[in-house]
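Subject: Structure for your review

Dear colleague,

Please find below the structure that I am handing over to you, together with its sequence. My account of what was found follows directly after it.

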Amino acid sequence: DWTMPSYVDEAIEKIRQQVGDDEVILGLSGGVDSSVAAALIHRAIGDRLTCVFVDHGLLRLNEGAQVMETFAQNMGVKIIHVDATEQFMGKLAGVADPEAKRKIIGKEFVEVFQVEAAKLSKAKWLAQGTIYPDVIESAGAKTGKAVAIKSHHNVGGLPDTLNLKLLEPLRELFKDEVRKLGVALGLPPGMVYRHPFPGPGLGVRILGAVNKEFADLLRRADDVFIQELRNMIDPDTQKSWYDLTSQAFAVFLPVKSVGVMGDGRTYDYVVALRAVQTSDFMTADWAPLPYPLLAKVSSRIINEVRGINRVVYDVSSKPPATIEWE
Ligand code: XMP
């Protein structure tokens with residue numbers, strides 16, 4: 001019978017046997033899978049795990065600080081935090097095509113990671129948060145079954161050139177099992193039950209060319225949206241709208257529209273809110289968020305985020321729209 005505590009013990013024992021006295025490195029992204037893998041491997045081998053956390057400057061508000069607090073401060077995990085914002089922004093400057101942006105972010109990510117990994121000369125293993133659906137998906141891709149509409153960049157795609165052996169302790173688990181494991185290992189439920197976040201981050205939520213100004217505006221608008229989704233409880237289910245949606249976020253539209261504020265005219269950017277309900281992310285319905293929630297989010301964003309004077313709600317389902325706008 002599958003019970004969590006015995007599963008944890010078995011998984012830890014397996015990692016210890018596999019790794020022996022070796023050292024391990026892991027690319028931490030702040031996502032659920034790499035976080036749970038880090039917590040599990042740390043439980044198994046302690047200080048012989050070093051995590052590399054590459055901040056591309058396209059994370060959500062305070063995300064970098066939260067990752068450091070959870071892992072470094074609270075759990076005592078060794079983490080190298082690389083703030084590569086300038087480097088990523090430099091490479092992305094003027095690039096508007098979504099797939100070109102994904103490729104740049106993916107390539108840059110690998111390069112930054114490799115530089116850090118090369119410094120950890122004692123490491124023999126590269127740990128990854130690969131989960132069972134990833135294993136299936138890449139098997140499908142090899143046989144041509146899966147059609148890639150968007151090239152998905154994940155921490156999973158790190159190169160063989162590092163000459164490291166692969167450690168993938170979550171390979172047999174489904175997402176809900178990974179989440180339960182994360183909670184059992186003491187990760188904050190708020191982190192473990194978070195909506196998925198794409199590897200290229202805000203890079204594909206700022207339409208067209210990315211820059212730091214747009215990323216800063218989007219981060220703040222997105223944070224307001226997420227806060228209010230968490231705050232508003234649906235009376236029928238007693239769940240928050242955050243938990244009633246599968247994925248929700250703000251999208252930055254680099255177009256300006258006219259508004260009024262006080263006696264003055266504004267000419268500022270637009271933010272679109274996206275919230276969907278889905279079980280598999282292959283198809284998705286736009287979420288019927290309550291009007292009072294939309295009203296609160298809109299007025300808070302327009303009042304609090306100077307530079308945004310208009311908020312719209314995306315009422316497109318997938319297909320034919322995708323969940324992300326790029
Ligand atoms: P779409 O937009 O294709 O999104 O309907 C389906 C799911 O995939 C996520 N997504 C990505 N995840 N790298 C990722 O790691 C990417 O480039 C990427 N593009 C989309 C999206 O957030 C949604 O959960």
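This is a predicted model: local features need pLDDT of at least 70, side-chain atom pairs count only at pLDDT 80 or more; totals for chains, interfaces and linings use all residues.

The core draws at least three residues from each of the two domains, domain 1 (4–192) and domain 2 (205–313).

Leaving aside residues up to four places away in sequence, Val 24 touches Val 19, Ile 41, Ile 45, Arg 48, Leu 49, Ala 123, Trp 125, Ala 127 and Leu 167.

I turn next to the domains. The protein is divided into domain 1, residues 4–192, and domain 2, residues 205–313. Taken over C-alpha atoms, their centres are separated by 28 Å. Where the two domains meet, 10 residues of domain 1 are in contact with 10 residues of domain 2. On the domain 1 side, the touching residues comprise 6 nonpolar, 2 polar and 2 charged.

An annotated site may be of particular interest to you. Which residues does the UniProt annotation "binding site" cover? According to that unreviewed entry, they are Ser 29, Gly 30, Gly 31, Val 32, Asp 33, Ser 34 and Ser 35. Two of these residues can be described further. Gly 30 is placed in the loop between strand E1 (23–28) and helix H2. Its partners, not counting residues up to four places away in sequence, are Ser 35, Leu 59, Glu 63 and Val 67. Ser 34, by contrast, is in helix H2 itself.

Are Gly 30 and Ser 34 buried or exposed? The cut-off for a buried residue is 20 or more other C-beta atoms within 10 Å. Gly 30 has 22 such atoms and is therefore buried. Ser 34 has 24 C-beta neighbours inside 10 Å, so Ser 34 also counts as buried.

Some details of the backbone also deserve mention. Most residues other than glycine have a negative phi, and most peptide bonds are trans. Asn 62 is not a glycine, yet its phi is positive, at about 60°. Asn 62 is found in the loop between strand E2 (49–55) and helix H3 (63–74). Asn 62 is exposed, because 11 other C-beta atoms lie within 10 Å and the cut-off for an exposed residue is 12 or fewer.

Phe 281 likewise has a positive phi, near 65°. Phe 281 lies in the loop between strand E7 (264–277) and strand E8 (285–286). With 13 C-beta neighbours inside 10 Å, Phe 281 counts as partly exposed.

Finally, there are cis peptide bonds to report. One joins Lys 318 and Pro 319, with omega at about -10°. Another joins Pro 319 and Pro 320, with omega at about 5°.

Yours sincerely

Technical notes:
Residues are numbered from 1 along each chain as its sequence is written. Domain bounds come from an automatic or database domain assignment. Two residues are in contact if their C-beta atoms, placed from the backbone, lie within 7 Å. Ala, Val, Leu, Ile, Met, Phe, Trp, Tyr, Cys and Pro count as nonpolar, Asp, Glu, Lys and Arg as charged, and the others, Gly among them, as polar. Helices (H or I, at least four residues) and strands (E, at least two) are DSSP runs, numbered from the N terminus. UniProt positions are given in the numbering used here, feature names are shortened, and annotations may be inferred rather than shown by experiment.
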